[in-house]
Amino acid sequence: AGLRPLSRHEVEAKIQQEEALELFRRMPRAVQVSLISHSDSRGMPLLPTDLEAERILGRFVQQNMKAARNTHVFAPRFHNMEFMTYAPLPSAFDCAFGYALGQTA
């Protein structure tokens, strides 16, 4: 008999760090299921191919601002970062651009 994948609740019970557990719970259900049940030939978890990380990050920022009862309005503007994520190290431009965006936020 083959091994069955763990359920989402079984995985949550095994996560020991509170921050990791909170992050796992905040992820969209499709990402949770993919992390649990899909892996490559090396056993590394596979994420959904249609995953839009920028939307998940925007959602996390909105949730954090709401939880902090922040009075500022956050209206994310999404830009597809798919092709930019293939580079292993950030360029000098990437660093400067990230710094500028952080200061602006």
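**Entry 1: a first pair**

Which residue forms a salt bridge with aspartate 40, and how far apart are the closest N and O atoms? I looked it up: the partner is arginine 42, and the closest N and O atoms are 3.2 Å apart. I wrote down the rule too: a salt bridge is a side-chain nitrogen of Lys or Arg within 4 Å of a carboxyl oxygen of Asp or Glu.

I then checked accessibility, where buried means under 20% relative accessible area, exposed over 50%, and partly exposed in between (1.4 Å probe, protein chains only). Arginine 42 is exposed at 68%, and aspartate 40 is partly exposed at 22%.

**Entry 2: what I am looking at**

I noted that this is a predicted model, where local features need pLDDT of at least 70, side-chain atom pairs count only at pLDDT 80 or more, and totals for chains, interfaces and linings use all residues. Residues are numbered from 1 along each chain as its sequence is written, and side-chain values use heavy atoms, with hydrogens and water left out.

**Entry 3: glutamate 12 and its partners**

I found that the whole structure has four salt bridges. One of them joins arginine 8 and glutamate 12 at 3.1 Å, N to O. The two are four residues apart in helix α1 (residues 8-14), so about one helical turn separates them. For helices I use DSSP runs (H or I, at least four residues), numbered from the N terminus.

Is glutamate 12 buried or exposed? Glutamate 12 is buried, at 10% relative accessible area, while arginine 8 is partly exposed at 21%.

Glutamate 12 also forms a salt bridge with arginine 25, with 3.5 Å between the closest N and O atoms. Arginine 25 lies in helix α2 (residues 18-26) and glutamate 12 in helix α1, so this pair ties together parts that are 13 residues apart in sequence. I put arginine 25 down as partly exposed, at 48%.

**Entry 4: rings**

Next I searched for aromatic pairs: rings of Phe, Tyr and Trp (its six-membered ring) with centres within 6.5 Å, called stacked if the planes are under 30 degrees apart, edge-to-face if over 60, and tilted for the rest. The count is one aromatic pair. Phenylalanine 93 and phenylalanine 97 are stacked, 5.6 Å centre to centre with 10° between the planes. They are four residues apart in helix α5 (residues 92-104), so they too are separated by about one helical turn. Phenylalanine 93 is exposed at 57%, and phenylalanine 97 is partly exposed at 45%.
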